[in-house]
Amino acid sequence: MMILKSKSKYDLESTLYSGQCFLWNPILSDNLQAHEIVLGGTRFRVQQLSDKIDAIYPLNITQNQSLILQNHLRVDDDLGYIYQSIESDKYLLSSFKKFEGLHLLRQDPWECLVTFICSSNNNMKRIKLMLNKLINSFDNTHTDSLGEYKTFPTPDQIIEAGEEHLRSLGFGYRAKYIFETSRIILYENIDLLKLRSQNYDDNLEQLTMFPGVGDKVANCVMLFSLDNLNAFPVDVWINRVLREIYLNDSKNKIADSRLRSHFQSYFGEYSGYINHYLFHSRRND
DNA sequence: ACTAGACCTCC
DNA sequence: GAGGTCTAG
């Protein structure tokens, strides 16, 4: 076991299951609540220990593995700095207090892209189910001291399996989107990791070129995997909370992309972090 | 630029 | 109806 250093208090439960990532699994380890994920081909397990994270697997975690985990968990984020950036906002203040320690994650861009293409017109439970089916339908089996585990399929594996394979897993019309997106990535030799830390506008333009990726999905991918912390996905929940709290219950029709750019200016460089607190709060009241 | 309808499947 | 996107007009 090894306590991970984090700049701020860390709330694992809120962070891992707030709807930004669907690849973490709750698991019982020594009768204690733990959480498991595969990162870069390695299986990791963590659990909450007071305000910090305890990395309990791999057992003798290497320096490099520990870096992979910390990088994914964004333990260096300074939440206090983000919290104080909007001091006068009553609703946000109570959200920060209620979910103190909620972090964004830094996910793998490819896995994140597939995840949020799946999210369209869908619910969290089924998104999770679809991703599990997808992972289990390929033979990417690895073995460690805990037993077998699987890694996420690559674009070329998805192409080889075919669009019909995805349909047979229950992906519906999203099968075509994921299949075509895989083809574009492979044939145009696109390295999604290179989009990391590129500016918001360029990434938005690049990502919305993929079929099945509109403004909302692109903003999710940018926020949850590409370090564009000013990304601001507007879904039905964010739309609700913006109207209720910030637009005086306005029922005017405003396009989500216009709401998005307006509130990006309003909330500033960490609007994406604020977005996730708004989302999580609105869903949990 | 902006607005309706269709779209797969499952709870 | 569900954490949207695409297409037509």
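**View 1. Glu100 in the loop between helix H4 and helix H5 of the predicted model.** Glu100 counts as partly exposed because its relative accessibility is 36%, where buried means under 20% relative accessible area, exposed over 50% and partly exposed in between, with a 1.4 Å probe and protein chains only. Glu100 sits in the loop that joins H4 (90–98) to H5; helices (H or I, at least four residues) and strands (E, at least two) are DSSP runs, numbered from the N terminus. Neighbours within four places in sequence aside, Glu100 is in contact with Lys9, Asp11 and Tyr83, contact meaning heavy atoms within 4.5 Å. From Glu100 to Met222 there are 122 residues in sequence and 23 Å in space, C-alpha to C-alpha. This is a predicted model, in which local features need pLDDT of at least 70 and side-chain atom pairs count only at pLDDT 80 or more, while totals for chains, interfaces and linings use all residues. Residues are numbered from 1 along each chain as its sequence is written, chains are lettered from A and ligands numbered from 1 in the order in which they are written, and side-chain values use heavy atoms, with hydrogens and water left out.

**View 2. The domains of chain A.** Chain A is divided into domain 1 (2–76), domain 2 (109–225) and domain 3 (236–283), with bounds that come from an automatic or database domain assignment. The centres of domain 2 and domain 3, taken over C-alpha atoms, are separated by 26 Å. Seven residues from domain 2 and seven residues from domain 3 make up the contact.

**View 3. The largest pocket.** The largest pocket has a volume of about 630 Å³. On a 1 Å grid over the protein atoms alone, a pocket is an open set of points with protein on both sides within 12 Å along at least five of seven lines, a cavity is a set where a 1.4 Å probe fits but cannot get out, and lining residues have an atom within 4 Å of a point. Grid points are joined across faces, edges and corners, and a volume is the space filled by probe spheres set on the points. Of the 27 residues lining the largest pocket, Leu23, Ile37, Val38, Leu39 and Glu111 lie nearest its centre. Domain 1 (2–76) and domain 2 (109–225) each give at least three residues to this lining. By class, the lining has eleven nonpolar, nine polar and seven charged residues, with Ala, Val, Leu, Ile, Met, Phe, Trp, Tyr, Cys and Pro counted as nonpolar, Asp, Glu, Lys and Arg as charged, and the others, Gly among them, as polar.

**View 4. The largest cavity.** By the rule used here, there is one cavity of 30 Å³ or more, and the largest cavity has a volume of about 40 Å³. Its lining includes Cys21, His72, Gln107 and Asp108, and the largest share, three residues, comes from S3.

**View 5. The second largest pocket.** About 430 Å³ of space lies in the second largest pocket, where Ser119, Lys216, Asp235, Trp237 and Phe279 are the closest to the centre among 25 lining residues. This pocket lies between domain 2 (109–225) and domain 3 (236–283), because both give residues to its lining.
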